[in-house]
Amino acid sequence: MNTKPKVSVVTTTYNDIENLRRILAQVQNQTYPHMEHIVVDGGSTDGTAELLREASLERGESLRWISEPDRGIYDAINKGIRLATGDIIGYCCDRYAHAQVVEHMVDIMAREGTDGVHGDLCYMDGERVVRTWKQGQGHIRSGWMPGHPTLYLRREVYERYGLYKTDYRISGDYEFMVRILYKNQVRLSYLPETLIYMSYGGTSNGSLGAYLESLKEGHRALKENGVPFACVTDALRTLRVLAQFAKV
């Protein structure tokens, strides 16, 4: 009998078939033995559904997918979480640093008895590291937050605190992390190794305008969750981001 917790990895995609092909392969190549992959496609027209149909014939119940319009990335992530049957749920739209990432994450959660895990990541421009993110442990009020692509949580966290708010366009992940972490209600393990290589130029870091919108939504997230002196936290968070560039 398999006593290891089941891990559900959620991937969202839209007209990005080649990247999805790489993600399907790397999730399958993880050494952790008890995983399922949930793919939420926004109704792509580039052959994504055909790719997923073929892959699901090969992988059976370990790959589940839907293809339908959504109301943005956080709506799509929520669909994936609702479909997930795992004890631990994570999100992957980038590249794992190595084949043992999920195994290491589950191991440290088991050793420390925590509600979730996060670790380090690198922002990449092709094969070039643009920015490194070694967050360690900290507190939301000090401008700290986990790297969302490295955040894997027990199912109970979503059941207790809810899913992502879909009225955020860029910073719904930040709002969610503020909601679950500000009052230290969710305990995270920190895995001090690079877990994810993330493509630079995503929704929140692709331009100055996007970054400013991210800060605006981030300020709203702090206010909605009752974090005092939100402007101070905004400034500290910005300083932490700037410091990441200095580490490259």
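I take helices (H or I, at least four residues) and strands (E, at least two) as DSSP runs, numbered from the N terminus. The model I have open is predicted.

**Entry: Asn184**
Asn184 sits in the loop that runs between helix H6 (172–181) and strand E9 (188–199). I then checked its backbone: phi of Asn184 is near 60 degrees, a positive value, and the residue is not a glycine. Buried or exposed, I wondered about Asn184? Asn184 has a relative accessible area of 53%, so I put it down as exposed.

**Entry: Phe229**
Next I went to Phe229, in the loop between helix H7 (208–224) and helix H8 (230–246). Phe229 is another non-glycine residue with a positive phi, about 50 degrees here. For the side of accessibility, I noted Phe229 as exposed because its relative accessibility is 64%.

**Entry: cysteines**
How many disulfides does the rule give? I get zero. Cys92 is in no disulfide, and the nearest cysteine sulfur, 6.7 Å away, belongs to Cys93.
My cut-off for a pair of cysteine sulfur atoms is within 2.5 Å.
I also looked at burial for both. Cys92 counts as buried because its relative accessibility is 1%. Cys93 is at 18% relative accessibility, so I list Cys93 as buried too. The cut-off I used for buried is under 20% relative accessible area.

Key:
Residues are numbered from 1 along each chain as its sequence is written. This is a predicted model: local features need pLDDT of at least 70, side-chain atom pairs count only at pLDDT 80 or more; totals for chains, interfaces and linings use all residues. Side-chain values use heavy atoms; hydrogens and water are left out. Buried means under 20% relative accessible area, exposed over 50%, partly exposed in between (1.4 Å probe, protein chains only).
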